[in-house]
Amino acid sequence: TPFLFEEYVGKVYSGRRWGGVGGGLKPDFVIRGNVPLDAKYKVKVQPCDVYQAFTYAAVLRSGESVLVYPKVERKTLRIGDVRVRVESLR
């Protein structure tokens, strides 16, 4: 089911698969040029997910990163100059 959720999120956001940056760093998708997007099949936002999204944005030199969950409260978090958008498909 997590794989199907990831595939669905990729279609909804018109994401393209990312081949990796090195060292195993690999967001699920990249949208709008260089914005990393990660699909999380979880019931709540974990701090480690937010830091992971921040790292993706820093490595890709994007000021933004997106985390998508099945059903969470939408919010935007800031870490320095990076905005991490938490989105929900509900």
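Predicted model: local features only at pLDDT ≥ 70, side-chain atom pairs only at ≥ 80, totals over all residues.
**View 1. Glu 64 in its strand.** Start with Glu 64, which is found in strand E4, a stretch covering residues 64–69. Is Glu 64 buried or exposed? Glu 64 counts as buried because its relative accessible area is 10%, and buried means under 20%.

**View 2. Glu 64 and two arginines.** Look here for the polar contacts that the side chain of Glu 64 makes with the side chains of Arg 83 and Arg 85. The distance is 3.5 Å for the contact with Arg 83 and 2.4 Å for the contact with Arg 85. Leaving aside residues up to four places away in sequence, Glu 64 also touches others, including Arg 32, Val 35, Pro 36 and Ala 57.

**View 3. The largest nonpolar core.** Ten residues make up this core, and you can find them one by one: Phe 5, Val 9, Tyr 13, Phe 29, Ile 31, Val 35, Leu 37, Ala 39, Val 66 and Val 68. Helix H1 (2–12), strand E2 (29–31), strand E3 (35–39) and strand E4 each supply at least two residues of this core. Which element gives the most? That is E3, with three residues. As a general background, nonpolar side chains tend to be buried together in soluble globular proteins.

**View 4. Ala 39 and its contacts.** Zoom in on Ala 39, one of the residues of the largest nonpolar core. Not counting residues up to four places away in sequence, Ala 39 touches Phe 5, Glu 6, Val 9, Asp 28 and Val 68.

Note on methods:
Residues numbered from 1 in each chain as written. Heavy atoms only, no water. Helix = DSSP H or I, 4+ residues; strand = E, 2+ residues; numbered from the N terminus. Buried < 20%, exposed > 50% of the residue type's maximum accessible area, 1.4 Å probe, protein only. Polar contact = N/O pair within 3.5 Å; in protein donor to acceptor, adjacent residues only side chain to side chain. Contact = heavy atoms within 4.5 Å. Core = buried A, V, L, I, M, F, W, Y, C linked by side-chain atoms within 4.5 Å.
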